[in-house]
Amino acid sequence: MERVTVEKTASRGIAVAPVYLYLEPDLTPETGSIAAQDREAEIGRFLAAKEAVVKELETLAETNEIFAAHLEIAGDFMLQDGVEGKINGDLKNAQQATGETIDEFAAIFEAMDDAYMKERAADIKDIGKRLMAALKGVKRPDLGGLTRPVVVVARDMYPSDTVKIDPSLVKGILTEEGGVTSHVSIIAKSMGIPTLVGVKGILSKVEDGQTVCMDAAEGVIITDPDEAAVKEYEDKLAAYESERARLESLRSTPAVTKDGKRIYLCANVGNVQDIQNALPMNIDGVGLFRSEFLYMQNTHFPTEEEQFAVYKEAAQLASQELTIRTLDIGGDKELSYYEFEKEENPFLGWRAIRISLDMKDMFKDQLRAILRASAFGHVRIMFPMIISMEELLDAKAVVEECKAELRAEGKAFDEKIEVGMMIETPASVMLADEFAKEADFFSIGTNDLTQYILAVDRGNKKIANKYDYFSPAVLRAIGHVIAAGHKEGIKVGMCGEMAGDQKAVEILLDLGLDEFSMSAGSIDYVREQILNRD
Amino acid sequence: MVSQKVTVTNPSGIHARPASNLCKVAGSCRCDVFLVVGDKKVQAKSVLNLMAAAIKTGTEVVVECDGEGEEEALKKVVEAIESGLGE
C-alpha cells in the first residue's frame, strides 16, 4: 500500500475500482533491410495493414466526425507512395517504411506555425500507430471493450482514446502526463469522472487488475490498498454520492434567500457544449459567454455568419439570458493567425475593448452577429475592460451603427437589447456612478479587478498569497459598484472566480449582489449557500 | 496540359475541410491535377499535400491539369475553388 499525492485536481470525485492499465504495446518498427525479391511481399503487407485500418476507421467514422478526417489521411495516396518508395527504392521493410513515412508527414505539419495544423500532426501519428499495430499483428488496448468498472491508468489520453470512454464503467482516470487544461481533463470534467493528471510514476506503482482508491478533490491516490483503506474510501464514496444527490435535489428550488431576495444563478461558458452541460443545474442563464474562444480556436477572424450560427444556438439554449462578452484577447490570450506586437506589460496593454475599437470592421462583424442572434432569445451585450465614458459611448455608438444597418437590410434583432459592461478596472470602479447612467447592467470581473486594484500579478507564484479578493480594498470596490448600480436601478452581477467561491457567498449577498455567474461545477454548492442564508 | 489562375477566397484558405473538398473534386478527375503556388507544385489529389502547402485565403494559385479530360477537369477544379470549397 502506498499513498500518492497530487497538487492539482483535473476533475473531482472519489473512486474505488481495479486498475485498467491503458498502455500501448511496443510499436517500434523492426529494422533490417529486405532482399529485392521480397519487395512485392512487403508492399502487400503494407496494403493489407492499410485496408484493415481503413475498415477500422470506417466503423469509427460512422459516429464521430474526427475519424472521417483520419480516414481520408489513411487512404491518401501520398502516404502509400511514400511507403512504396521506401520499400522499392531503399529496400526497407514495411514497418520501417511506414514508420518513416508517417514521421516525415508529421514533421511537415509540426513545423507549421498554425496551431490547428500542428494538431494535425497528432492525427497523422495516431494513424501511424494504427498502421503499425496492424503490421505487427498486435492489439492496442480498447476502452470500448470494457465489461466491468475500472480506474484507467495511462501515460496520457488522446481524443481517439477518450471518445471510447463509457462513464458508467470508467470510474476514475489517472495519467502520468498531462495538465489540468489538457484534453483528457476537459473531457473527464464534462463527463464527471474523477481524474488526476500529471501523476509522476503512477504507471510503475500499479498493476493491472489491482484495486486503487482515489479522492480527486483531495489529490490522494492509495495504490494496492489494504481492507481498511478500501472500506474508508467506499464509505467516502457513499458519503460523496449522497451529498451530490442532496445538492441535486435542491436544483428545482429557485435561489431565493430566507429574507426573500431572488438571486440569479448563471453559468460562465466558453462554447455551446458548456451551456448544455450547465442546463441540468437549472441555471437562470449565462452570465458570461467568453466569445474569445471562438476567435482563439480558429484559423481566421470568425466571420459574421460563423459567429451568428454559434450565438443563435447559444441564445436558444440559454433562453432566459445569454450575456455575450465581446472579444477579450490580448493580455495572456493570443491568436494563432494574428501577430500581436510584443508588449512590456500585456495586462496594461492593447487588449479587449481597446482592440475592438481600433479594429472596427472586426468589431462590427461580432456585434452584427450578436444582434442577429438576439432575435432568438434574451441576449445581452457586454464590453470588457472599459476605463472611460468615451470608450463606453464609442462602443455603444458602434452598436447603434450596426442596428441601423440591420434595420436597413431588414434583418431581425431585439431593438431593446441590453448593453452592459464589465467592471474590472479601478477606473470603472471610480466612475461606476457615471457608468450606471449609460450601462444597462454591470458584471464585476473579480479576476482582473483584484489584480489591478492590488497591483498583484495573478500569475506570479511569489506573491500568490497577496492575490486575495477578500482584501478590504477589493470588497469596498465591490460594495461601491453594487451601490452605484442600484442607485440607477440596474442589475449588478459578478462573473469572476469569487462568484463561485462558497466562502464569498455570504458577504456578496450582504453587499447586495443580484447575479452570480460561475463555472457549472460550482453552481450546486453556491445555490445551497444562498438558500441557507438568513 | 491546360492551366488557369484563380484566387483562393474562402476564409480559412485551403485547410482542413476545404482541402478535403478540393481533394475530392481533384480525385474525381482522370487527369493529373496540380496547384502551383509560387515555386511549389502541389498534388491536388492528396489531402496531405494540400494541407501541408498551407495555402492562405487571398493567395493566387495556378491550377494545372494534364491528361485525359483535362479541359473539363480544369473547369471543375477552378469552379470549386471560386465557389469557396464548401466553406
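1. On the other side of α15(A), E390(A), L393(A), A397(A), E400(A), A404(A), R407(A) and A408(A) are exposed (12 or fewer other C-beta atoms within 10 Å of the residue's own, with C-beta atoms placed from the backbone). This is a predicted model, where local features need pLDDT of at least 70, side-chain atom pairs count only at pLDDT 80 or more, and totals for chains, interfaces and linings use all residues. Residues are numbered from 1 along each chain as its sequence is written, and chains are lettered from A in the order in which they are written.

2. Buried in α15(A) are L392(A), A395(A), V399(A) and C402(A) (buried: 20 or more such atoms within 10 Å). Seen down the helix axis, the buried residues of α15(A) fall within an arc of 85 degrees, so they line one face. The arc is that of the directions from the axis to the C-beta atoms. Their cover includes α13, α14, β11, β12 and α17 of chain A.

3. G410(A) follows α15(A), with a positive phi near 70 degrees.

4. The largest nonpolar core has 78 residues. Such a core is a set of buried Ala, Val, Leu, Ile, Met, Phe, Trp, Tyr and Cys residues joined through C-beta atoms within 7 Å. Among those with the most contacts inside it are A267(A), I423(A) and F516(A). A second, separate core of 50 residues includes I73(A), A74(A), I124(A) and V61(B).

5. The contact takes 17 residues from chain A and 14 residues from chain B (contact: C-beta atoms, placed from the backbone, within 7 Å). On chain A, α2, α3, α4 and α5 each supply at least two residues of the side touching chain B.

How values were computed:
Contact = placed C-beta atoms within 7 Å. Helix = DSSP H or I, 4+ residues; strand = E, 2+ residues; numbered from the N terminus.
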